[in-house]
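Q: I am new to this structure and would like to learn how to read its strands and helices. Could we go through them one feature at a time?

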Amino acid sequence: MNIPKGTKDVLPQDSHKWQLIENTARFVAGVFGFKEIRTPTFEHTEVFLRGVGETTDIVNKEMYTFLDKGDRSITLKPEGTAGSARSYIENNLGEVLPKPLKMFYITPVFRYERPQAGRLREHHQFGAESYGSGSAYADAEAILLAKYFLESLGITALELNINSIGCKSCRAEYNGALKKYLESRLADMCAQCRERFEKNPLRILDCKNDSCKKITASAPQTLNFLCADCGEHHKKLKTALTACGVKFLENPSIVRGLDYYTRTVFEFISTSIGAQGTVCGGGRYNHLIESLGGKETPAVGFGMGIERLIMVLESLNIPIGEELKPDLYIAPLGGEKEYLKAFTLVKELRDKGISAETDIAERGLKAQMKFADKIGARFVIVLGESETLSGKAKIKDMQSGNETEVSLKDISGILTVVNS
């Protein structure tokens with residue numbers, strides 16, 4: 001039986017990579033004052049229809065949606081923000097906790113799309129959200145958090161691209177200019193873009209079709225249509241980033257693929273992996289909470305795929321943590337008495353925080369020593385009849401070959417050697 005297409009096992013020999021990324025995410029988020037939120041793997045479909053947007057590729061093509069046994073429409077979450085926003089409203093977090101409320105998540109997400117490098121039908125995201133501040137400083141903080149996290153992993157060859165897509169007010173004027181530019185070119189565009197032309201022309205700028213991309217390359221730019229408030233917000237963001245020594249490129253083609261974005265949108269691009277180089281995307285979404293039935297609440301955040309991060313780290317030959325190896329292996333040689341002594345010794349050592357192993361398959365010494373070598377045990381004790389009777393044994397350093405005699409009656413000697 002094979003694994004479903006677009007999914008992937010995280011194998012025991014690779015799990016340390018995930019642990020490093022997740023632990024780094026939790027540490028960096030904590031440094032910035034973000035606390036973890038965990039939302040369900042599935043939500044009522046309406047959460048994503050109203051939050052993500054009906055004109056997006058995610059809703060139109062990629063959602064895993066089904067009817068449950070109560071005939072309710074349920075969707076496996078395709079991204080983390082809408083579910084977090086639903087939780088913010090349902091649990092009244094804006095009133096219960098101080099604002100701005102800063103949260104992060106590490107979650108699986110599900111999208112039915114063609115699997116490709118770093119993007120699977122089930123993949124995992126690290127994301128951060130800040131609710132309750134409309135200031136450009138909140139945008140800058142989200143960008144700095146993402147940058148700090150990526151650099152903490154060793155990804156330093158980064159290019160930050162930013163843009164502003166304005167608010168509802170100036171977006172209307174821009175949409176009018178964009179439609180005027182596109183209307184004579186619609187016949188040369190894909191069917192989906194022709195449909196988007198009426199419903200949400202801004203989404204056309206996010207189309208990946210080559211012919212559509214050529215047409216939109218010369219389209220009007222959102223930055224030229226910003227109202228005074230949006231223009232000042234964008235200017236303030238650039239000033240804050242510059243003051244913090246963060247280099248950026250203004251990229252008018254960035255609009256992001258979700259309908260809830262307003263004003264700031266940004267992407268971090270790794271210059272080491274070519275066309276698949278976007279490792280983080282985010283922006284501001286001031287009307288998301290309102291669209292889900294809550295009070296109007298400004299918000300900003302980002303998301304990034306963990307599989308994509310691992311791919312980038314591997315392409316850069318950056319070590320991604322180390323596989324956990326035991327400090328000590330005790331090899332019992334003989335009968336029940338030796339096995340029981342080894343088993344209880346391991347228990348005592350584990351109680352003291354030492355990673356210790358012994359044979360639980362009742363194998364011969366040769367097989368045990370091969371096993372100890374394969375799991376990378378740093379020290380080994382062979383525990384035979386004479387060692388059990390005398391209460392003394394030799395602990396061997398498997399790297400240097402040095403041996404030290406230790407007492408088996410008191411594990412302090414073993415602890416001293418292992419902790420040296």
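This is a predicted model: local features need pLDDT of at least 70, side-chain atom pairs count only at pLDDT 80 or more; totals for chains, interfaces and linings use all residues.

Q: How many bridges join strand 10 to strand 11, and in which sense do they run?

A: In general, the strands of a sheet pair through backbone hydrogen bonds, either parallel or antiparallel. Here strand 10 and strand 11 (residues 299–305) run antiparallel and are joined by 4 bridges, while strand 9 (residues 262–270) is joined to strand 10 by 6 bridges, also in the antiparallel sense.

Q: Is strand 10 mostly covered or mostly exposed?

A: Strand 10, which spans residues 278–284, is mostly covered, with 6 of its 7 residues buried.

Q: In what order do the strands of the open sheet lie?

A: The open sheet has 3 strands in the order 2-4-3, with antiparallel pairing, and its edge strands, strand 2 (42–44) and strand 3 (64–67), each pair on one side only. Strand 2 pairs with strand 4 (residues 73–76) over 3 bridges, and His44 stands opposite Ile74 in strand 4.

Q: At what angle do helix 1 and helix 12 pack?

A: Helix 1 (residues 15–31) and helix 12 (residues 306–315) pack at about 110 degrees, with their axes 11 Å apart, which means that helix 1 is roughly perpendicular to helix 12. Their contact has 6 nonpolar, no polar and 3 charged residues, among them Trp18 in helix 1 and Leu309 in helix 12.

Note on methods:
Residues are numbered from 1 along each chain as its sequence is written. Side-chain values use heavy atoms; hydrogens and water are left out. Axes are lines fitted to C-alpha atoms, for helices over the stretch in contact, and angles run from 0 to 180 degrees between N-to-C directions. Helices (H or I, at least four residues) and strands (E, at least two) are DSSP runs, numbered from the N terminus. Angles under 35 degrees count as roughly parallel, over 145 as roughly antiparallel, 65 to 115 as roughly perpendicular and the rest as oblique. Contact means heavy atoms within 4.5 Å. Ala, Val, Leu, Ile, Met, Phe, Trp, Tyr, Cys and Pro count as nonpolar, Asp, Glu, Lys and Arg as charged, and the others, Gly among them, as polar. Buried means under 20% relative accessible area, exposed over 50%, partly exposed in between (1.4 Å probe, protein chains only). Two strands pair if DSSP finds at least two bridges between them.
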